[in-house]
Amino acid sequence: LVKYAIFLAFGIIYGAIYDFTQFMRIGPKKYFQDPWNYIDMVYIVTSVIQVILHIWLGPFHIVCKIAMLIVVSVALLKSFFFLRIFDSFSPIVTMLA
C-alpha cells in the first residue's frame, strides 16, 4: 500500500514542477492574479496531505477517504479550466463555474 502512495506522489510532482516554474517565470504577484492558480495550489497541497495520510493511516481510514474526496473534487474543478480551450465546451464550463 505504501507503493501506491509513492505512485500517487509521482503524479503530483509533474503538476508541482509546472506550477513552480510558472510561478518563478511570471513572478508571485502576476501568478496569484489568476484565480485558477489558487486552485492549482490547493490541489498540490491537498494531494501531498493525502499521500502523507495514506502512508500514515492507510488507505481505508475515513480521514484518507475524506482527503481523497477533496483531492478528486479539486481535480474535477481543475478540469473545468482545461475544458475552456474547446469552443464547444466553453458555454457549458461557464455555466457550471
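Guide: Helices (H or I, at least four residues) and strands (E, at least two) are DSSP runs, numbered from the N terminus. This is a predicted model, in which local features need pLDDT of at least 70 and side-chain atom pairs count only at pLDDT 80 or more, while totals for chains, interfaces and linings use all residues. Residues are numbered from 1 along each chain as its sequence is written, and side-chain values use heavy atoms, with hydrogens and water left out.

Visitor: How many helices and strands does the protein have?

Guide: The protein has five helices and zero strands. Along the sequence, the pattern reads α-α-α-α-α.

Visitor: How is a pocket read, and which residues line the second largest pocket?

Guide: Rolling a probe the size of a water molecule over the atoms shows where empty space is left. On a 1 Å grid over the protein atoms alone, a pocket is an open set of points where a 1.4 Å probe fits, with protein on both sides within 12 Å along at least five of seven lines; its lining residues have an atom within 4 Å of a point. Grid points are joined across faces, edges and corners, and the volume is the space filled by probe spheres set on the points. In this model the second largest pocket has a volume of about 170 Å³. Its lining consists of Leu-8, Gly-11, Ile-12, Tyr-43, Ser-47, Gln-50, Val-51, Met-68, Val-71 and Val-72.

Visitor: How many salt bridges does the structure hold, and where do the partners lie?

Guide: Side chains of opposite charge can pair when their charged atoms come close. A salt bridge is a side-chain nitrogen of Lys or Arg within 4 Å of a carboxyl oxygen of Asp or Glu. The structure holds one salt bridge. Asp-40 pairs with Lys-78, the closest N and O atoms being 3.5 Å apart. The pair links distant parts of the chain, Asp-40 in helix α3 and Lys-78 in helix α4, 38 residues apart. Asp-40 is buried, at 14% relative accessible area, and Lys-78 is buried as well, at 16%.

Visitor: How is a surface patch read, and which residues form the nonpolar patch?

Guide: Patches are made of residues with over 30% relative accessible area and no salt bridge; like charges are joined within 9 Å, and nonpolar side chains (Val, Leu, Ile, Met, Phe, Trp, Tyr) within 5 Å. Accessible areas come from the Shrake-Rupley method with a 1.4 Å probe, and for residues only the protein chains shown count as cover. Here Val-48, Ile-52, Trp-56, Leu-57, Ile-62, Val-63, Ile-66 and Ile-70 form a nonpolar patch with about 760 Å² of accessible area together. Helices α3 and α4 are the elements that give two or more residues to the patch. Ile-70, in helix α4, is partly exposed at 40% relative accessibility.

Notes
Buried means under 20% relative accessible area, exposed over 50%, partly exposed in between (1.4 Å probe, protein chains only).
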